[in-house]
Amino acid sequence: MSNNILIVAEGRAEGLKKVSFELVNTAQQLAAALGGAVEGVVIGSNVGAWAEALVKAGLAKVYVADDAGLGAFAPESFADALAQVIKLAQPAIVLFGATGWGKEVSARTAAKLDWGLVTDCIAAHVENGALVLTRPIYSGKAIAQVRAKSLPVMVSIRPNIVPPVEANNPAAPIEKVAVTLKEPRAKVVETVVKAKSKVDLGEANIVVSGGRGVKGPEGFAPVQELADTLGGALGASRAAVDAGWIDYTHQVGQTGKTVAPKLYIAAGISGAIQHLAGMSSSKVIVAINKDPDAPIFKIADYGVVGDLFQVLPALNGEIKKLG
Amino acid sequence: MAFNIVVLLKRVPDTESKITLRDNAVVTDGLNFVLDPYAEYGLEKALQLVEQHGGKVTAVLFGPEDAKETIRKALAVGADEAIHIVDPALEGGDAGTTARVLAAALKKIPFDMVWAGKQAVDDDNAQVPVRVAELLDLPHVNSVIEFEPAADGKAARCVREVDGERDVMVTSLPAVFTAQQGLGEVRYPSLKGIMGAKKKPITDWNAAALGIDPAQVGKAGARVEILKLEPPPARPPGKIIPGDAETAAKELARLLHEEAKVI
Ligand SMILES: Cc1cc2nc3c(=O)[nH]c(=O)nc-3n(C[C@H](O)[C@H](O)[C@H](O)COP(=O)(O)OP(=O)(O)OC[C@H]3O[C@@H](n4cnc5c(N)ncnc54)[C@H](O)[C@@H]3O)c2cc1C
Ligand SMILES: Cc1cc2nc3c(=O)[nH]c(=O)nc-3n(C[C@H](O)[C@H](O)[C@H](O)COP(=O)(O)OP(=O)(O)OC[C@H]3O[C@@H](n4cnc5c(N)ncnc54)[C@H](O)[C@@H]3O)c2cc1C
């Protein structure tokens with residue numbers, strides 16, 4: 001085992017996800033404390049463009065496992081490929097983004113290699129030579145500090161917790177890894193709903209969400225307009241999703257997405273504990289609600305007591321004026 | 001095409017619970033414990049499949065002695081029998097050792113599929129079922145919202161929801177599936193179900209029954225340990241912006257731009 005940190009890059013059709021570059025940031029801090037180098041890995045099929053983007057992120061090396069068998073997602077194949085790269089790279093720590101993909105691939109790979117895994121962390125540091133991770137549990141009602149009893153270990157880090165590094169460094173060397181894969185038994189055969197918005201809810205810098213207070217599917221129009229103006233993603237409470245006003249993929253909360261944007265605007269959302277579980281680590285929270293006693297105001301940095309159908313369009317107009 | 005289905009159920013505090021911490025642990029006295037809600041969706045799917053196709057639902061719960069009460073809830077809604085893995089020697093581990101314990105139990109139960117929750121709502125690891133699949137060399141499908149077995153009962157077609165996308169996944173059986181909200185509404189126990197649950201068998205298994213090496217599980221086998229548990233940092237008190245919609249919106253935009261600097 002080396003003292004190196006390996007970050008597992010993640011992408012979609014449009015390119016690498018921002019979280020990949022955030023992982024480099026976290027890895028650099030850990031590598032400085034452990035005295036190792038930061039390396040990255042890209043896995044998939046036809047991922048040359050992802051590798052090209054990653055090599056400029058200030059890494060010591062980028063492993064590329066590019067194999068036709070890694071086209072459609074198949075958990076067994078991805079875990080298999082990654083385990084082969086890890087055996088070659090011998091890192092002390094492997095970092096993933098705590099996305100659905102990252103959580104799934106990390107768990108399968110950790111079991112394959114018999115490593116520990118700490119999921120969905122919001123901070124990582126080295127203390128007396130040991131890796132200590134901070135992670136919310138009980139939907140954010142408590143914060144745990146977890147120590148890896150030994151290295152190597154795998155960790156997934158929540159998106160948006162640290163800024164991404166700039167990808168403007170001299171290109172790192174690429175090491176192509178020829179992986180041997182078996183035919184997977186479970187695999188994706190079709191994608192039925194593509195991520196709709198340009199901005200992925202989990203990674204968005206700004207999220208504007210509507211709840212039962214929007215009163216119907218049309219009520220999401222002013223919420224969507226504000227999200228568009230701000231270049232943000234559209235979120236929703238479970239009440240709005242359960243009512244069928246908006247697709248489940250927008251749900252924020254314990255049984256939906258966990259988001260930590262720099263700005264979260266909740267309109268017509270009361271602030272139930274299960275909703276807060278998905279957004280309470282947002283940097284700035286704005287609540288718009290006509291009930292001054294709504295619990296959402298307790299965690300909001302800025303609150304407006306009023307009708308969202310008046311406040312949202314007005315806010316949209318004011319923000320447009322700011323240019 | 002009857003199905004033997006095992007459902008992995010964890011006992012968790014109800015999500016409305018107020019969490020009190022003492023000595024770096026959660027105070028469990030007075031907490032209302034429930035079946036972990038995601039795993040409950042899996043249980044519901046298992047019950048429906050057996051109602052349609054025949055077979056048997058076995059609930060498996062690894063947890064302390066007083067979790068029996070929670071196991072009865074699974075029997076009350078229709079699980080046929082339950083295995084309670086209970087042994088202090090197995091406690092205090094991590095997701096890896098939990099998976100090892102559950103995998104050891106699954107080796108002793110014939111099954112066509114295993115259902116579990118996408119993640120437990122207390123510790124939120126989202127790794128135990130996937131690890132179980134790998135340990136048993138089985139395929140898995142995560143975050144399932146629709147499920148259809150193939151006509152021959154040897155494969156299944158699932159829709160899963162991950163990172164804002166919906167994919168169709170196919171897998172051979174046996175396999176491990178994790179349930180996501182949207183898979184279906186869960187049923188409530190009837191009085192008859194609750195009474196009937198008292199007569200259904202719950203079998204206790206300990207480390208010896210599972211034939212696992214104590215060094216591989218519990219505290220000894222864990223790769224990660226808890227250092228500290230703290231309440232979340234309090235957020236500084238917020239500002240309520242006064243005035244009518246126009247005035248408040250204008251001031252809010254200014255504050256977000258100039259004070260918070262987020263837009
Ligand atoms: C196991 C479990 C998991 C759950 N997971 C989630 C989850 O992931 N995400 C989630 O969100 N919920 C979740 N819930 C549900 C949660 O408990 C709440 O029921 C839900 O969050 C309520 O949504 P809401 O705030 O939109 O609705 P409500 O609580 O009904 O609040 C609507 C709010 O809108 C305000 N309002 C009404 N009209 C207007 C108007 N014109 N202008 C301004 N304000 C207005 C009202 O004052 C009120 O505060 C979960 C529950 C359970 C039990
Ligand atoms: C504060 C705290 C922090 C922790 N942090 C970590 C950590 O970072 N890494 C780590 O490896 N462990 C950690 N643990 C230990 C871990 O939570 C337990 O080992 C637990 O059994 C597995 O995690 P989970 O319940 O979150 O499982 P998940 O993987 O989230 O559970 C998903 C599903 O697996 C099934 N399942 C899980 N547990 C059981 C069970 N006991 N019986 C039956 N079915 C079950 C259920 O279907 C459940 O829905 C932590 C524990 C605490 C108290």
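# A tour of chains A and B

Start in chain A and select A:P152, which sits in the loop between β10 (142–148) and β11 (153–157).

Before moving on, a word on what is loaded. This is a predicted model, where local features need pLDDT of at least 70 and side-chain atom pairs count only at pLDDT 80 or more, while totals for chains, interfaces and linings use all residues. Residues are numbered from 1 along each chain as its sequence is written, chains are lettered from A and ligands numbered from 1 in the order in which they are written, and side-chain values use heavy atoms, with hydrogens and water left out.

Hop over to chain B and pick B:L173 and B:P174, which are joined by a cis peptide bond with omega of about 0 degrees. B:P174 is in the loop between β11 (165–172) and β12 (175–179) of chain B.

Back in chain A, select A:N46. Though not a glycine, A:N46 has a positive phi of about 60 degrees. You'll find A:N46 in the loop that runs between β4 (38–44) and α2 (48–54) of chain A. Why stop at spots like these? Most residues other than glycine have a negative phi, and most peptide bonds are trans.

Next, colour residues 123–127 and 130–137 of chain A: these are strands β8 and β9, and they pair in the antiparallel sense over five bridges.

**Ligand 1**

Select ligand 1 and show what is around it. There are 27 residues surrounding ligand 1, and the closest are A:R212, A:S237, A:T255, A:S270 and A:Q274. (A residue counts if one of its heavy atoms lies within 4 Å.) Those surrounding residues come from chains A and B, so the site is shared between chains. In chain A, α6 (238–242), α7 (273–279) and α9 (308–322) each supply at least two residues of the shell.

Now try some polar contacts, that is, pairs of N or O atoms within 3.5 Å. An N or O atom in the side chain of A:S237 is 2.6 Å from an oxygen atom of ligand 1. A backbone N or O atom of A:V252 is 2.8 Å from a nitrogen atom of the ligand, and a polar backbone atom of A:L308 is 2.9 Å from a nitrogen atom of ligand 1. On its own, ligand 1 has 980 Å² of accessible area (Shrake-Rupley method, 1.4 Å probe), and the protein covers 80% of that.

**Ligand 2**

Ligand 2 lies between chains A and B. Its surroundings number 32 residues, the closest being B:L8, B:K10, B:D36, B:D123 and B:V128. Zoom in on B:D36: a polar side-chain atom there lies 2.3 Å from an oxygen atom of ligand 2. A backbone N or O atom of B:V128 is 2.8 Å from an oxygen atom of ligand 2, and one of B:L9 is 3.3 Å from a nitrogen atom of ligand 2. The protein covers 93% of the 940 Å² of accessible area that ligand 2 has on its own.

**Where the chains meet**

Finish by showing both chains. Their contact (heavy atoms within 4.5 Å) takes 80 residues from chain B and 87 residues from chain A.

Key. Pairing = 2+ DSSP bridges. Helix = DSSP H or I, 4+ residues; strand = E, 2+ residues; numbered from the N terminus. Polar contact = N/O pair within 3.5 Å; in protein donor to acceptor, adjacent residues only side chain to side chain.
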